[in-house]
Amino acid sequence: MSKVIVVTSGKGGVGKTTSSAAFAAGLAAKGHKTAVIDFDVGLRNLDLIMGVERRVVYDFVNVINGEATLKQALIKDKRVDNLYILPASQTRDKDALSKEGVESVINELKKEFDFIVCDSPAGIEKGAFMALYFADEAIIVTNPEVSSVRDSDRILGILQSRSKAAEDGKTVKEHLLITRYSPDRVEGGDMLGMDDIVEILSVPLIGVIPESGSVLQASNSGNPVIMDKDSEAGQAYQDVVARFLGEEVPLRFIDVEPKKGFFQKLFG
Amino acid sequence: MKLKGEMSMLNVLHVQELDLEKLCAELEQKRDEAPQFFMKSPIIVDCADLGDAAEQLDFSLLRQKLLELGFIPVGIRNNPVEMNARLVDAGWAIMRESRPSTASTEVSGDVSAETNQQAEVAQQDEPQAAPQVAPVGIKSLTIDRPVRSGQQVYAADADMTVLAQTSAGSEIMADGSIHVYGPLRGRVLAGARGNEQARIFCQSLQAELIAIAGRYQLLDESDTELKGKPAMIRLDGEKLIIEPLAH
């Protein structure tokens, strides 16, 4: 039974695309056939972060409009088996996404893939709505700051009232992913703490990704950060994937220096 | 685009007399009890109580008056069928099949016909207007999931019980009392249609705004020591009183 997972946040720039790429690559690396769809029509980024921007021929909108088949548009990742990318169109806008069109693409993907990861655009407009509408589960990406948390709360409300699951009287399973977490700054009082965020949103935590230079580096080089096995962020994303697949993994990289040093020695 | 038939909550104004001035004065008073709730709210006019006397009412004027009072007049129901064309011209929608005028019915058949009509009307009323019949406080709406930022929940003619949290930026409203067992963080409006006996009960008072029967207060502006604590809010005259819930 395949699952549709939306990666969403409400707010922009919190790490949805980075997380989508890492999460999808992680699932695929564990042997699950995974497709990741970029819903950010008009501002496509996923292909860049996945390092396939020069291999895009057809896109999501072409498939919706029947101008290309799904097979033609899906880009197979060269590093990880089982990983496929469906890029967004850069020359259209979000109105090109029709509910029927998106549904038929997702239904077709469901026949072949174990997991379909939907990378949502920011905002609560059509693109974001389409990305979450068919979701079975949702990963809510939040930064440790109040406006991001507020926007996540808003998107959770939309998820549970306007998604297809909600219309059918079911619920979308929620996971909270905190990104760009800096234990030092939490300690210093500049950032919201992990526990505060969980308390405000009351959604189960699936992982905490530490603020790390390796994320930017990975994005710029077109390698999902999860493949960087030496970086803390990469390891934290691996933990997220493991937890998503049902393993019990303790949280790491959430405490300040002394402990962090210990982990660095252990893994660095 | 999509066009769908949906049921929505609407206020129904039951007109019982022909004196428009008096009617509007009463309505204005009602509105001022909960201005936030009524302002720009859609309203339906029901003429069932007027019967054929509805013919004598100036519906263009009524429509104008309602607009002046801040309502949005939507439609009319239970008006004499002969008036349909005139009402449509005056900008009203006919909400429900009108009653055939009793004047054309034979005298002998009058009573039974009338009774049947009434029964039918009452039945039709049920799905739409049952809340109006039920006494306030009998019904209850239970919410077992968080009320998130941007969401609005309204318990019409009922009490509300929220078992989870309400988030900052959310709004919960009830015509009766409101009970919240998770943290209460958004706006909370009890007695939304003017019930001054309505109260708010919560386990952790962190609301942005509290209101009962139209009297509202920002929590940050009130000098309560009960923030984050179990509390009950009631109305005493014009003043909102915040009291500890546990003794």
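Is B:Glu171 buried or exposed? B:Glu171 is buried, at a relative accessible area of 16%, where buried stands for under 20% relative accessible area, exposed for over 50% and partly exposed for what lies in between (1.4 Å probe, protein chains only). The points below begin with the basis of the model and then go through the chains.

1. Basis. This is a predicted model, in which local features need pLDDT of at least 70 and side-chain atom pairs count only at pLDDT 80 or more, while totals for chains, interfaces and linings use all residues. Residues are numbered from 1 along each chain as its sequence is written, chains are lettered from A and ligands numbered from 1 in the order in which they are written, and side-chain values use heavy atoms, with hydrogens and water left out.

2. Chain A as a whole. Chain A has 13 helices and eight strands; helices (H or I, at least four residues) and strands (E, at least two) are DSSP runs, numbered from the N terminus. Of the 268 residues in chain A, 56% are buried. Contact means heavy atoms within 4.5 Å. When contacts in chain A between residues at least 6 apart in sequence are taken, 73% of them join residues at least 24 apart.

3. The open sheet of chain B. Four strands of chain B form an open sheet in the order E1-E2-E3-E4, with parallel pairing; two strands pair if DSSP finds at least two bridges between them. Strand E1 (11–14) and strand E4 (93–94) are the edge strands, each pairing on one side only. E1(B) is joined to strand E2 (residues 42–46) of chain B by four bridges, and the two run parallel. Within E2(B), B:Ile43 is the residue opposite B:Asn11.

4. Strand E7 of chain B. Strand E7 (residues 158–162) is mostly covered, with five of its five residues buried. One side carries B:Ala158, B:Met160 and B:Val162, the other B:Asp159 and B:Thr161, and all are buried. E7(B) pairs in the parallel sense with strand E5 (residues 139–143) of chain B over five bridges, and B:Asp159 is the bridge partner of B:Ser140. Three bridges also join E7(B) to strand E9 (residues 178–184) of chain B, again running parallel. There, B:His179 of E9(B) stands opposite B:Thr161.

5. The interface. The size of an interface is often given as the accessible area lost when the parts come together. Between chain B and chain A the buried area, meaning the accessible area (1.4 Å probe) that two parts lose on being put together, summed over both, is about 1000 Å², with 35% given by carbon and sulfur atoms. In chain B, B:Arg145, B:Arg148 and B:Ser149 lose the most area to chain A, together 49% of what that side buries. The contact takes 13 residues from chain B and 15 residues from chain A.

6. Salt bridges across the interface. Four salt bridges are found between chain B and chain A, a salt bridge being a side-chain nitrogen of Lys or Arg within 4 Å of a carboxyl oxygen of Asp or Glu. One of them joins the side chains of B:Arg148 and A:Glu174 (3.9 Å, N to O). A network of salt bridges links A:Asp153, A:Glu174 and B:Arg148.

7. B:Gln151. This residue is found in the loop between E5 and strand E6 (152–155) of chain B, and B:Gln151 is buried, with a relative accessible area of 17%. The side chain of B:Gln151 reaches the backbone oxygen of A:Gly157 at 3.1 Å. A polar atom of that side chain also lies 2.8 Å from the backbone nitrogen of B:Arg148. Beyond neighbours within four places in sequence, B:Gln151 is in contact with residues including A:Ser161, B:Pro146 and B:Glu171.

8. Other salt bridges. Over all chains the structure holds 28 salt bridges. One pairs the side chains of A:Lys76 and A:Asp81 (3.7 Å, N to O); A:Lys76 is partly exposed at 34% relative accessibility, whereas A:Asp81 is exposed at 55%. Another pairs A:Asp239 with A:Arg252 (2.7 Å, N to O). A:Asp239 lies in helix H12 (residues 232–244) of chain A and A:Arg252 in the loop between H12 and helix H13 (257–267), so this pair ties together parts that are 13 residues apart in sequence. Both A:Asp239 and A:Arg252 are buried.

9. Back to B:Glu171. The side chains of B:Glu171 and B:Arg187 meet in a salt bridge (3.7 Å, N to O). B:Glu171 lies in strand E8 (residues 171–174) of chain B and B:Arg187 in strand E10 (residues 187–190) of chain B, so the pair ties together parts that are 16 residues apart in sequence. B:Arg187 counts as partly exposed, at 34% relative accessibility.

Note on methods: Polar contact = N/O pair within 3.5 Å; in protein donor to acceptor, adjacent residues only side chain to side chain.
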